[in-house]
Amino acid sequence: MDFESLSADLRALQQRALDEASAAPDPESLELLQIRYLSKKGEITTVLRGIGALPPGDRPRVGAIANGVSEAVKAALGRREAELHAEVQTLRLASERVDVTLPGRPRARGTLHPIPETAACIAEVFGQFGFVVYEGPEVEDDLTNFQMLNIPPDHPARDLWDTLYVDIPGHLLRTHTSPGQIRVMQSTRPPIRALLPGRCFRYEAVDASHGFEFFQVEGLMVDEGTSLADLKGLLDEFAHALFGPRKTRFRPGYYPFTEPSVAFDVECLVCGGVGCPACSRTGWMTILGAGMVHPVVLQYGGIDPERYQGFAFGMGVERIANLRHAVPDLRYYLENDLRFLEQFR
Amino acid sequence: MRVPLTWLREYVDVQLTPEQLAERLTLLGMEVQGIEQWGADWRSVVVGELLTVEKHPYADRLHVTTVNIGSGEPLHIVCGAHNIAPGQRVPVALPGAVLPGDRRIERTEKMGIASEGMLCSGDELHITADAEGILILPAEAPLGRQLSDLYGDTVLDVDVKPNRGDALCLIGLAREVAAATGAALRWPEIAVEETGRPVGERLRVDVREPELCTRFVGRWVSGAAIGPSPDWVQMRLQTAGMRPINNVVDASNYVMLELGKPTHTFDGAAVHEGTIIVRRAVRGERLETLDHVKRELTEDTLIIADPQGPIGIAGVMGGAESEIGDHTTEIAIESAIFDPVSIRRTGHRYALRSEASLRFEKGQEFRLARIGADRVTQLTLAWAGGSVAKGRIDTAPAEPDPSRLAFRPRRVSKLLGAEVTAAEQRELLRRVGIETEEAATAQQIQVAVDPKPLAVPAGEDQVLVATVPTWRRDLAIEADLAEEIARVRGYESTPAHLPDTLMPAYRPSSLRVREMLRETLAGAGLTEVVTHALVSSLDEARLVWPEDTSEPAMLGNLAAQSGDEIVVTNPLSAQHSVLRRHLAASLLDVLSLNERQGRGDVAVFEIGKGYARVDDAPREWTRLAFLMSGAAEPASWNRTARPYDLDDAKGIVELLCQRLGLPAPSYVPDSRGFPFHPGRALVARAEEGPTALSGRIAEMHPDLLARWDLRAQRVIVAELASPALDAAVPARVRVEPMPRFPEVERDLAVIVAESHTAAEVEATIRRHGGALLRGLRLFDLYRGAPLAATEKSLAYRLVLGARDRTLTEAEVDAAVAGVRSGLESEIGAHLRT
């Protein structure tokens, strides 16, 4: 063995190994080539066994050549491995193509009922103006529901509230959220800004615009100098928040517990004020009733009517929800047909 | 109240269109709820003149007429009435006409004679009450004119509020119109020609209850002839919504509509000894009222009586025996003021509320007793003839002066939030008849009347004194005058201004926790429902949801959430007669409704109140219930359907406990059976400090589903109570630092007899795991070979660790060994690892 033939063997070996590497069909063949050429018992090592027969001066040169061959084979195997990986991956990805236009896996989410949602929406608007939420009992006593609100027994104004009575003496199902005014005034001191949402009851036959159970939100603000103009300002903001910019007006109303009493109208949401069947051709829709708290009510609430004055308002949640969502029939709300409820996505 | 504009114009000039007038009245507080064209339903009815009236050749009861309607050939019309004669002008319905009640008139043939239309009675046109004869029109009625042009009217439907009884009449509304437009009010000329003997010879009045009848004015008319009122009177009453009866009763009704003063007319011959006694009924007395109902009178009923017994219920309805009839000639007229509360109670007691009682309830101006008596007498004389006895019986002739009410213009401005000068305020009040003057002396200001009168010294403010018209019984305090000023001024001019006063102290919203849970439940796939609080007593019988208190170890603060049911004493229907104590039955109703709409996959929840009574006091608390039925995951192209089961419900309860800051709930089987599946019902509880949650989760018994007529095979219902639902503040999270030392996981397969529940196994592991056991999760449940048929294998993953060090292998082994031996010794488990 001489230097020349040894180095020629190595070069031939390199050539063969490179050819075989680039022709390797799969990772397993590459593994075999790796063992065949580069392992301890591999062909390069085998060739190098002949190095002992060389003159000592040539041995480092052969060693260097062998290292070069070894690196080249390793690199070729690596390259081929990368190529094969890329091929396999490309094939896999190609095989994994899906119709991306198919619909997704359904995620069920329930919907929230429009009545509590509307009440929450109302509370949110007034909350920005410092109104805090209170809740009063639904089984109320006659005193708080009527008498303390300036509606004595046998007063003709009682006809405005057809009442359901219960078998607890002196009690009834509250006909409005207004008794909450008394409860708030009795439990706190001015400045008062309170909001009272809740369920109410009346003896009323059910049709598209009436029900014996319904929901109201009551508002109360009492301080020194709280005026009708403050009420107008707040209600304008409220109407704006819920129905967008449109004209509003006060007109006279009547409630025994407010003096003066007003009705709050907004420009008809259907015709924009021109006049249509929805607004009885008046161009206006009544949103709520309100007024300055009657001195009698303040007195029952333990508040000095000479020092303090305030306003109260009450609105039907269904009425607001009807207008916001174009709900044609009040009965939808307590019927709970999912075809209705699931529209409130 | 129906207000015919032609009638209203008698008392005030109106230059506005009906629509403009309606808006002005509405903005003044007299809300116009509708504008009706009276006569709009007389189409193609014209004025005709009878040319000939002849007997029908083949029918005795019919006439054949020829009628000139002003143009074209005279019409031949067959008619059945007997009050017609040539030369009369009559309403003619032409072929094609449509009368009230959608009655169509066509060319017809009557007993062989063609009839080209119809002559109309007052009743057919709803103009008068006369159905017998043809309506005879005034001779000057223009031929050929549409009847609606002549007698049509515009009627406003005005909603007069309960505090304005004074406006519940034409004069009252004319006053409002005058205030709104500045026009002058015209009172009718009221004068009575008295030609008879002194009234005291005919009528005596004995008021024995002067508290309940504060004034009684009596008049007497002799020799009247009862018959129909003049047509124009009948037309007015009809247009205003009141049926004409006869000339005397119509006079009384006319005055009620005109002046707002209810009066009553008796057949004088039926008033024994000419003596009227106003007293309370005595036990056992009976009276047949005008509606021909015989009524047992209760002792607190105020009645009008004669010496022989009751002849009327005061202010509500007269008696049939003293009714004005065809042969009446003597007429006793009552114009009284009764106590409003007494009248209202009586009306309610006998379920008899008349136009009269509604007006008495609202209170009457004192003067009206006298004025009303005179006006009824005047009209009776005009329409029925006779002679009027001289003078009136009057039990309280002294009429009080108008009251005076002091107010502070500055205070009014402050209430309205608008600067209205004193001069302007005075002018506005003057327009509604309230005269004002500068206060001459120091005045007390009436701030409130009830419950405790409050009058304050005026202090530095300018004070005006208003003279309140006698008809305005609603004006009693300063704020009432503020309202008058505001409404006459017009609320449209109220400035809008955002409050700039102090904000109240922070207060957390009691809705917050409920809102959080609602969002959570919706996110978990449940849809919110809101159902009736009033339920059927029958439903309650169909599903008795066990009360929480029946459980032995009831959680302290939930104990109050039960009691007897509250029953409505005047329910609208049996279906809604009881306040519910639980929500579950309502959710089954929701399922039922949706199943009927063909919807079987239903998952709904409600957060609502339960109500009960404890020691005759009402209790209310918030409950949460949900129901699941059908597919939890409906089939889709990329998955198969999965039905809801008990585990879904438990998962929801576990989620709720997490949101409320409670530990995972513990479960105890509830094997009571009906209404629950005996093997699929449980009590769930979670408790943390003062907060607790408790409730039941159950698959419903098939027999219960059958009772509800449900198609669903499996329905899971859960209902929970927790004080946390009413809490304003959600539980606060307290963070634990992340563990600094690694935790170790070990799996244990616990093989136990079926009789041991998972809860028992888990409790045993926790008990023996000690402080190092930081997590425990069941990840597999296996039954079958090689296990015995009575066994199951529960595979748990234990997480072990310590906060202060890395556990050694030996520590972990010792902990697991402890768990193993505990399981073996306490519940006879053996383990595979």
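Colleague: What makes β42(B) and strand β43 (residues 791-800) of chain B a pair?
Modeller: The two strands share eight bridges. Pairing takes at least two bridges found by DSSP. So β42(B) and β43(B) count as paired, in the antiparallel sense. This is a predicted model. Y782(B), for one, stands opposite S793(B) in β43(B).

Colleague: Is the pairing of strand β12 (residues 194-198) with strand β23 (residues 387-390), both of chain B, parallel or antiparallel?
Modeller: Parallel, over two bridges. The cut-off is at least two, so β12(B) and β23(B) qualify as a pair. E194(B) has V388(B) in β23(B) as its bridge partner.

Colleague: What joins strand β14 (residues 213-222) of chain B to β23(B)?
Modeller: Two bridges, with the strands running antiparallel. S222(B) has S387(B) in β23(B) as its bridge partner.

Colleague: Now the charged pairs. How many salt bridges does the structure hold over all chains?
Modeller: The count is 99.

Colleague: Why do E43(A) and R36(A) count as a salt bridge?
Modeller: N to O is 3.3 Å in this pair. The limit is within 4 Å, so the pair passes.

Colleague: Is E43(A) buried, partly exposed or exposed?
Modeller: Its relative accessibility is 22%. Buried needs under 20% and exposed over 50%, so E43(A) is partly exposed. R36(A), at 34%, is also partly exposed.

Colleague: What makes E140(A) and R183(A) a salt bridge?
Modeller: Their closest N and O atoms are 2.5 Å apart. That lies within 4 Å, so the term applies. The pair links distant parts of the chain, 43 residues apart. E140(A) sits in strand β2 (residues 139-141) of chain A, and R183(A) in helix α7 (residues 179-187) of chain A.

Colleague: Is E140(A) buried or exposed?
Modeller: Buried, because 1% relative accessibility is under 20%. R183(A) is partly exposed, at 32%.

Colleague: How do you know that R345(B) and D154(A) meet in a salt bridge?
Modeller: The N to O value is 2.6 Å, and the cut-off is within 4 Å, so they do. R345(B) lies in helix α7 (residues 340-349) of chain B. D154(A) lies in the loop between α6 (142-145) and β3 (171-173) of chain A, so the pair joins two chains.

Colleague: Why is D154(A) called buried?
Modeller: Its relative accessibility is 18%, and buried means under 20%, so D154(A) falls in that class. R345(B), at 44%, is partly exposed.

Colleague: Which residues do salt bridges with shared partners join into one network?
Modeller: R249(A), R251(A), D265(A), E23(B), E31(B), D159(B) and K161(B).

How values were computed. Residues are numbered from 1 along each chain as its sequence is written. Chains are lettered from A and ligands numbered from 1 in the order in which they are written. This is a predicted model: local features need pLDDT of at least 70, side-chain atom pairs count only at pLDDT 80 or more; totals for chains, interfaces and linings use all residues. Side-chain values use heavy atoms; hydrogens and water are left out. Helices (H or I, at least four residues) and strands (E, at least two) are DSSP runs, numbered from the N terminus. A salt bridge is a side-chain nitrogen of Lys or Arg within 4 Å of a carboxyl oxygen of Asp or Glu. Buried means under 20% relative accessible area, exposed over 50%, partly exposed in between (1.4 Å probe, protein chains only).
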